[in-house]
Amino acid sequence: MNITEKDVDYIAELARLELTPAEKKLYAGQLAGIFGWMEELNKADTSSIAPTTNVLGLENVMRADIPVTFEDREAILKNAPDREYDFIKVKKVIE
Amino acid sequence: MEKATEIARQVKEKKISAAAVLERHLKTIKEKDGKIGAFLEIFENSAMAQARAVDEKAAKGLPLGRLAGVPVAIKDNMLYKGHKTTCGSKILEGYVAPYTATAVQNLIDEDAVIIGRTNMDEFAMGSSTENSAFKPTRNPANTDCVPGGSSGGSAAAVASGMCPIALGSDTGGSIRQPAAFCGTYGLKPTYGSVSRYGLVAFASSLDQIGVFANSMEDTALAFSVISSHDPKDSTSVEYPQGDDLSGAGGLKIGLPKEYAAGSGSMDAEVTRVFGETISRLEKLGAKFTEISLPHTRYAVPTYYIVASSEASSNLGRFDGIRYGLSVKGAALSDVYKKTRGQGFGPEVKRRIMLGTYSLSSGYYDAYYLKAQKIRTLIKRDFDEAFKNVDVILTPTTPSPAFKFGEKTSDPLAMYLSDIFTIPCNLAGLAGLSFPAGVSKDGRPIGAQFLAKPFNEAVMFSLGSELARAANL
């Protein structure tokens, strides 16, 4: 399987990862190798097989829709790199 | 090596104080950890406060918990309120947990003393702890070798007597493989039996918190403490009654023929120790049957697609906005990209790329969906096998602990070292690695029991019988 540096650029953009030119080159080669190895999976016939997302077969585990106040809001806010009052500060995204 | 069960008994009987127990273990850490590097941080102050509180309870004659005064280490991906959690990553540098993980709280509720947080592969991605952003951890049995991973710090701490119990997490073998490499017991409980609330998510459908200890009894005790149904983790369940199986006599143990077939690459010493383990179990009355798990060859690539896809989604939260590292940039998207580019290490970036690609438009069906379907086939293999056997026995790893740097340049070689441990996570089974022997040059070798979901008890009973037989 061939993965070009252009492919790597595209995936890195989707993943919001800034990569150095050396990393791009390295990952292009390594990902090609790993995906090549994964092509083994095409040998398995899965035409009538349902996917497994949860091994216990749990579905739609519900709870009562009751709001609960977190006991230590300040502890969460303290972790934010940038804050103002009780808000986490984010750069402007709308022009 | 002090046993947790013994410490708890003596603390309850006021024969020793929890503070004295803690001081002894802190001394061991000071003597040994400079060389081993198991811990990222010792919680000396909070641990001493906890130990004193346990002693006060004892002095007042109040009832004490099942882990009274037992020092327990936690892997650096479990939250403990007021303490740092970094997941072995620079991207979480400075993060202080605002709440405590349920499994850790369960330990505290039974009067355990949380002694520190242990080193790990960054975000639990790795099999040697070499991917820690902070430092290497050395194998106590041979310091030229890795301790395994990703819970390498927890394994090394328990193996060198720094604490009798440590928690780890196991997504594809991250407890059982380091347990085998370091010569301890390592339990990967049934998916859903231990709450993942407060465990930093790697691959949510596979992650499970489990236990390292130096005896079967301590492993079983710690598991009974951390296992609980938690409304805060919707994938955790009330532990049901397992099958009534105890004692090796008459038990049917399955040996997967595909695992033996893949043993061309298996170390001769592992093969020898595995054969000895079979003989010991036969002497105890167990009957061995060959079983077939025909989709075994697909397990490792299936795992790397499922785990990396889930990781690429879970790790989206590390964006430089809410916590940890934040690198300045002109626009918000630059903050994201620079923070993630600089904060994540090479293996984490590789897996995010792998997962993002597998989930991307045009490739989802070919990779992620395909892998989830093969996961169904792998699970069915085990369902079929367990119709005929009570437990499955396999080597834990194809080789004993390898040397530093031996596999770092070849990600595929590193991935393949988890070949015997991965299927258990894909199928949601219970798995236990136990010390089975040592290589000629003194490196520990483990073997692994696999049991049906919620049948930890049968593995514990076999493990205890083997340990008793070895002492005779």
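Among contacts in chain B between residues at least 6 apart in sequence, what percentage join residues at least 24 apart? In this predicted model, the share is 76%.

Figure 1. Chain B contains 16 helices and eleven strands. Along the principal axes, its C-alpha atoms occupy a box of roughly 65 × 55 × 45 Å. The radius of gyration of chain B is 21 Å, which agrees with the value near 23 Å that a compact globule of 472 residues would have. Of these 472 residues, 62% count as buried.

**Figure 2. The open, mixed sheet of chain B.** Eleven strands of chain B make up the sheet, and their order across it is E1-E3-E2-E4-E6-E5-E10-E11-E9-E7-E8. Strand E1 (39-42) and strand E8 (287-291) of chain B are the edge strands, each pairing on one side only. From one strand to the next, the twist averages 30°. Within the sheet, strand E2 (residues 71-75) and strand E4 (residues 165-170) of chain B pair in the parallel sense, over two bridges. In this region B:Val72 lies opposite B:Ile165, a residue of E4(B).

**Figure 3. Two helices, H7(B) and H9(B), packed on the sheet.** H7(B) touches E4, strand E5 (185-188) and strand E6 (208-213) of chain B. The direction of H7(B) makes about 150° with that of E6(B). Helix H9 (residues 268-283) of chain B also packs on the sheet, where it touches E7, E8, strand E9 (391-395), strand E10 (430-438) and strand E11 (444-451) of chain B. Between the directions of H9(B) and E11(B) the angle is about 55°.

**Figure 4. Helix H4 (residues 102-109) of chain B, mostly covered.** Six of the eight residues of H4(B) are buried. These are B:Thr102, B:Ala103, B:Val104, B:Gln105, B:Asn106 and B:Leu107. The cover over the buried residues of H4(B) includes E2, strand E3 (113-118), E4, E6 and H7 of chain B. Just after H4(B), the backbone at B:Asp111 adopts a positive phi of about 70°.

**Figure 5. The loop of chain B that holds B:Pro240.** B:Pro240 lies between helix H7 (216-226) and strand E7 (252-256) of chain B. Is B:Pro240 buried or exposed? With 10 other C-beta atoms within 10 Å, B:Pro240 is exposed.

**Figure 6. The contact of chain B with chain A.** Chain B contributes 53 residues to the contact and chain A contributes 41 residues. On the side of chain B that touches chain A, the elements giving two or more residues are helix H10 (299-314), helix H11 (332-343), helix H12 (346-359), helix H13 (365-385) and helix H14 (411-416) of chain B. H13(B) gives the most to this side, with eleven residues. By residue class, this side of chain B divides into 27 nonpolar, 16 polar and ten charged residues.

**Figure 7. Overall dimensions of chain A.** Chain A has three helices and two strands, which run α-α-α-β-β from the N terminus on. The C-alpha atoms of chain A fill a box of roughly 55 × 45 × 25 Å along the principal axes. Whereas a compact globule of 95 residues would have a radius of gyration near 12 Å, chain A has 22 Å. Buried residues account for 16% of the 95 residues in chain A.

**Figure 8. The crossing of helices H1(A) and H2(A).** Helix H1 (residues 5-14) and helix H2 (residues 21-38) of chain A have axes that come within 9 Å and cross at roughly 105°. This angle makes H1(A) roughly perpendicular to H2(A). From H1(A), the residues A:Glu5, A:Val8 and A:Asp9 meet A:Lys24, A:Lys25, A:Tyr27 and A:Ala28 of H2(A). The residues of this contact comprise three nonpolar, no polar and four charged.

Methods
Residues numbered from 1 in each chain as written. Chains lettered and ligands numbered in written order. Predicted model: local features only at pLDDT ≥ 70, side-chain atom pairs only at ≥ 80, totals over all residues. Axes fitted to C-alpha atoms, helices over the stretch in contact; angles between N-to-C directions. Helix = DSSP H or I, 4+ residues; strand = E, 2+ residues; numbered from the N terminus. Parallel < 35°, antiparallel > 145°, perpendicular 65-115°, else oblique. Contact = placed C-beta atoms within 7 Å. Nonpolar A, V, L, I, M, F, W, Y, C, P; charged D, E, K, R; others polar. Rg over C-alpha atoms; globule rule 2.2 N^0.38 Å. Buried ≥ 20, exposed ≤ 12 C-beta atoms within 10 Å, placed from the backbone. Pairing = 2+ DSSP bridges.
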